[in-house]
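Visitor: I would like to learn how to read a structure like this one. Please show it to me first, and then take the features in turn.

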Amino acid sequence: MKTTFAAAALALLLAACDNAPAPAPAADAPASTVDAVRQAPAEVTTNLFILYTLKEGVSPEQFEEWVRVTDQPAMRSLARVQSFRTYRAERLLMGEGAPGVAYIEAFAIPDLDGFTNEDMAGETVQAVMGEFMGFVEAPQFIIVSEVE
């Protein structure tokens, strides 16, 4: 019985953490456990990328200090933000020249509707976005999905 319960709990945990379908429950699992696993909602996480360059006169050092002190702590404190990272575009792997953007931010947001309807209008995001727009030039906010 403990093994069957553990297998069902693991299946539910995997379904909540991954976009892949949950593994099939053990054949000897009671019908109620099988039904619970099949009916468990699969959480889909939305990925948001923001691509941008800095405004003229804004130094990378100044911006990155703001990212570490203000942006990351504020965005990571939001319940609907599962993950938030800021990346500096350093160079092209192939070809000449510089990347077309200076920074890329990556968000994982399990509840995009709640994020856009509540968090974006909230005090935290509004304050951070106001400061962010003072640093950056023409940010692109792009919702992405993995090609499977």
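Visitor: What does the accessible surface of the chain come to, and what share belongs to carbon and sulfur atoms?

Guide: Accessible areas come from the Shrake-Rupley method with a 1.4 Å probe, and for residues only the protein chains shown count as cover. For this chain the accessible surface is about 9,900 Å², and carbon and sulfur atoms hold 56% of that. This is a predicted model, in which local features need pLDDT of at least 70, side-chain atom pairs count only at pLDDT 80 or more, and totals for chains, interfaces and linings use all residues. Residues are numbered from 1 along each chain as its sequence is written, and side-chain values use heavy atoms, with hydrogens and water left out.

Visitor: What percentage of the residues count as buried?

Guide: Buried means under 20% relative accessible area, exposed means over 50%, and partly exposed lies in between (1.4 Å probe, protein chains only). Here 28% of the 148 residues of the chain count as buried.

Visitor: Which elements does the chain have, and in what order do they run?

Guide: Helices (H or I, at least four residues) and strands (E, at least two) are DSSP runs, numbered from the N terminus. There are 5 helices and 4 strands in the chain. Read from the N terminus, the order is α-α-β-α-β-β-α-α-β.

Visitor: What share of the contacts in the chain comes from residues 24 or more positions apart?

Guide: A contact means heavy atoms within 4.5 Å. Among contacts with a separation of 6 or more, 72% are between residues 24 or more positions apart. Ala 108, in strand S3, gives a case: Ala 108 and Phe 49 are 59 residues apart in sequence, yet their C-alpha atoms are 9.0 Å apart in space. Ala 108 is buried at 11% relative accessibility. Setting aside neighbours within four places in sequence, Ala 108 is in contact with residues including Thr 45, Arg 80 and Val 81.

Visitor: How many salt bridges are there?

Guide: Side chains of opposite charge can pair when their charged atoms come close. The rule asks for a side-chain nitrogen of Lys or Arg within 4 Å of a carboxyl oxygen of Asp or Glu. The count by this rule is 6 salt bridges. One of them joins Arg 88 and Glu 64, with the closest N and O atoms 2.7 Å apart. That pair links distant parts of the chain, since Arg 88 is in strand S2 (residues 83–88) and Glu 64 is in helix H3 (residues 60–76), 24 residues apart.

Visitor: Is Glu 64 buried or exposed?

Guide: Glu 64 is buried, with a relative accessible area of 14%, whereas Arg 88 is partly exposed at 46%. A polar contact is a pair of N or O atoms within 3.5 Å; within protein, one must be able to donate a hydrogen and the other to accept it, and residues adjacent in sequence count only if both atoms are side-chain atoms. The Glu 64 side chain makes such a contact with the side chain of Tyr 103 at 2.6 Å.

Visitor: Which residues are linked in a network of salt bridges?

Guide: The network links Arg 80, Asp 111, Glu 118 and Asp 119. Glu 118 and Arg 80 meet at 2.9 Å, N to O. Glu 118 lies in helix H4 (residues 112–119) and Arg 80 in the loop between H3 and S2, so this pair ties together parts 38 residues apart in sequence. Asp 119 also forms a salt bridge with Arg 80, with the closest N and O atoms 2.9 Å apart. Asp 119 is buried, at 13% relative accessibility.

Visitor: How do I read a helix such as H5, and which of its residues are buried?

Guide: An α-helix has 3.6 residues a turn, so residues three or four places apart point the same way. In H5, the buried residues include Val 125, Val 128, Phe 132 and Phe 135. They cover an arc of only 80° around the axis (taken from the directions from the helix axis to the C-beta atoms), which puts them on the same side of H5. Glu 123 and Gly 130, on the other side of H5, are exposed. The cover over the buried residues of H5 includes strand S1 (46–54), H3, strand S3 (103–109), H4 and strand S4 (136–144).

Visitor: What is the phi of Ala 138?

Guide: Ala 138 has a positive phi of about 45°, although it is not a glycine. Ala 138 lies in strand S4 and counts as exposed, at 61% relative accessibility.
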